[in-house]
Amino acid sequence: MASLSEIIRGSQIWKSVFRHPLPVDRRNRIAVILTNFFLHLHPVSIRKQGIALSYTWCMGGVTFFLFLVETVTGVLLMFYYRPTLEWAYQDILALRDVTSMGVMRELHRWGAHGMVITVWLHMYRVFLTGSYKPPREFNWVVGVILLLLTLLLSFTGYLLPWDQLAIWAITVGSNMARATPILGHEGPGAQLLTVDGISMITNASDARFGLLGARFVGEETLNRFYVLHCVAIPLAASVLMAIHFWRIRKDGGISGPL
Amino acid sequence: MHGHNEAEFLKEVAGFLGVYYLALAAMNMTAALYVWKSGKALRIVKLGGTAATTAHLWLLLGLVFLLMAPLGFSGDAATMRLVSVPESFREIINVAMGPMVYTVGSVVGLVVLFVLRRFFVKPTVAWIGLNASLLLMGLSMTDPDFADIVRKADNVPIVGLIFMLGFFTWLGAYRAIENDDRAKRGLPPVEAEQREKVLVWPDLVYIELICMVFLTAFLLVWAIVLKAPLEEPASAVKTPNPSKAPWYFLGLQEMLVYYDPWMAGVVLPSLIIVGLAAIPYLDFNKKGNGYYTIDERKFAYVMFQFGFLLLWVTLIVMGTFLRGPNWNFFGPYETWDPHKVEALNNVDLSEFFWIRWLHMPRPKAPDGAGILRTLAMIVYRESPGIVLLVGYLAIVPHALVLGSRFFRDLFARMGFLRYMVLANLLLMMMLLPIKMICRWGFNLKYFVAIPEYMLNF
Ligand code: HEM
């Protein structure tokens, strides 16, 4: 068998993919990190404490892993799910009752809850080790935006099963936008935007309307949240994660005592 | 609420409880083995020639849990009573618990943990604490009301969150105290000793791989054991009671009790985000960068924990487990009765001031008065609250500077603008518990109530 693996590793195909021998010695262990697209996210070497589980709790990494799980399971769910009043609930029902060994929805939902929890724990760790202090201030800010996006991802996804739990949680959550100062029709100062005695801010033009695409949680909302959930927010989060990881390296790697 | 009768309910939880106690037994026996093998066992008492150590204690605990497992499995009412929280205790908790007791209790609890942190981070003490909370949780699971809320599929992660936060708070404090003790002896933090570099392949890549395999397995088991919830199809006319936002926003929903939606739903969440993002620019303390410590950054630590553990997490826990129909408060062992009535007779500060204290009607512009006059009268009517709020946000920061060395130092090092931003963010955070206490203590509704412009505060 050894010879078979040697043949494979000697072939032109293998060599065209991996540009160096197996990472068994120091030289090739460095090369593997430098030449592999996915691995080059990492530095070549790292301070011991930076990989100590008791230091980082690995929570940022777990958050990222859960994001990947959500992406994969989410794509599979999108194959089945149609975001319309007619089908949304039916498709979720079918995922439960018809699909054999259907755990994708479970993986996706529990992964989402897990991601909210791990992103909080990650922030908690970064705070406790004071890792937001110079030179990492800006990466903390990027993190805060990622935290917000994680919550919004989870919130927009909550609506998609289109059951009682979903629409009422989103109704409660989005009702608050009615009260946005000046821009919500029940918010303080909404009367200020009045032209010729006609209020510009009504329940059909205020912040909540913009969020829901309607005066109540309905088909327009389902469509809007679907697009936000499956396209807009994941894209924004991916870009920010790329920046987050890039900045970790540019800021001198995982923090440690000076 | 729960239509099933007692016997059926006990059968349902029996399987879970049996496995639960078996897991606790395994956990303690592993701990016993670990402290014994690693030589970390501490002597508790000396009995004749042999000493009883923590290894024996964990072994004993494990055996107790092992004995409890068959009782848990039995599913028989009389047997299950042996592994339940006593009825009288449940009654007492239900009656005694209210939003005030819960919140003030959480504050006191966290303060005690913080002040006596050197005691509580001792692994032995922490392990006993973990066992006690797991035991209480197990004993409570035979209560149908408790079990109904905790077993709700979407609430399971929150139970996990509570235990994980407990663990990580302990871990962070443990490492911080270790470093603080080293600092006293003039040693650098533990982290400084791990300065030497290792190659990412294999050291880090393998950790990542193992983490991924473990997590995938964990998620798969979770997904198979616990089905994702799916309720009735959406209906715009049937409002469920209670209607709850997703669990991570329940702290905000709880704030709706004390603030109008424009504050609870828009201004305060924005301030939370802005305030979080501002932390690196407000905390100018150079110490504690890249290692765990409490003593070197006590103020930052306490403020963060106040906002995160107390205001954010305990309010989520309250909103999830203790708020039922009509957002009424229910004890952990209480049935969610939609007909429970709570006397709500909240009074605005202006009413307190003009009517109750000065015995005169609230000032009001005469009908048909011009807009400026009307506005002026509204401001006059609400002046007590406005004065209080302006005083709170503008004068307290200055009073602190005059009254305390610590804040004078902060002010000198931060400059006026940065200091005021910091002080105002913290004061806005503190306003929530102040408002809660005013509500529970004096039924105070709003400090400033201007319904004419939907501006209530
Ligand atoms: C989707 C969300 C996020 C992902 C995937 C993510 C990922 C990561 C990863 C993989 C690391 C490497 C170290 C570690 O694992 O702890 C890291 C570090 C860091 N993260 Fe995040 N993060 C996220 C959100 C946040 C949030 C919410 C904050 C803060 C508010 C934050 C602030 C930081 C900072 C300052 C570092 C550098 C820490 C150090 O050098 O010790 N991140 N992040």
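**Where chain A meets chain B**

Tutor: Start with one pair of residues: R47(A) has K197(B) of β3(B) as its bridge partner. The strands behind that pair are β1(A) and β3(B), residues 197-199, which run antiparallel and share 3 bridges. Strands count as paired if DSSP finds at least two bridges between them. Helices here are DSSP runs of H or I with at least four residues, strands are runs of E with at least two, and both are numbered from the N terminus.

A word on the basis: this is a predicted model, where local features need pLDDT of at least 70, side-chain atom pairs count only at pLDDT 80 or more, and totals for chains, interfaces and linings use all residues. Residues are numbered from 1 along each chain as its sequence is written, chains are lettered from A and ligands numbered from 1 in the order written, and side-chain values use heavy atoms, leaving out hydrogens and water.

Now the whole contact. Chain A brings 89 residues and chain B brings 94, where contact means heavy atoms within 4.5 Å. The size of an interface is often given as the accessible area lost when the parts come together. Between chain A and chain B, about 8,500 Å² is buried, and carbon and sulfur atoms give 73% of this. That area is what the two parts lose on being put together (1.4 Å probe, summed over both). W110(A), W120(A) and Y124(A) supply 9% of what chain A buries against chain B, more than any other three residues.

Next, the polar side. The rule finds 41 residue pairs in polar contact across the interface, both residues at pLDDT 80 or more. A polar contact is a pair of N or O atoms within 3.5 Å; within protein, one must be able to donate a hydrogen and the other to accept it, and residues adjacent in sequence count only if both atoms are side-chain atoms. By class, the side of chain A that touches chain B has 56 nonpolar, 19 polar and 14 charged residues. Ala, Val, Leu, Ile, Met, Phe, Trp, Tyr, Cys and Pro count as nonpolar; Asp, Glu, Lys and Arg as charged; the others, Gly among them, as polar.

Salt bridges also link the chains. Their count is 4, each a side-chain nitrogen of Lys or Arg within 4 Å of a carboxyl oxygen of Asp or Glu. One joins R109(A) to D154(B), at 2.8 Å from N to O.
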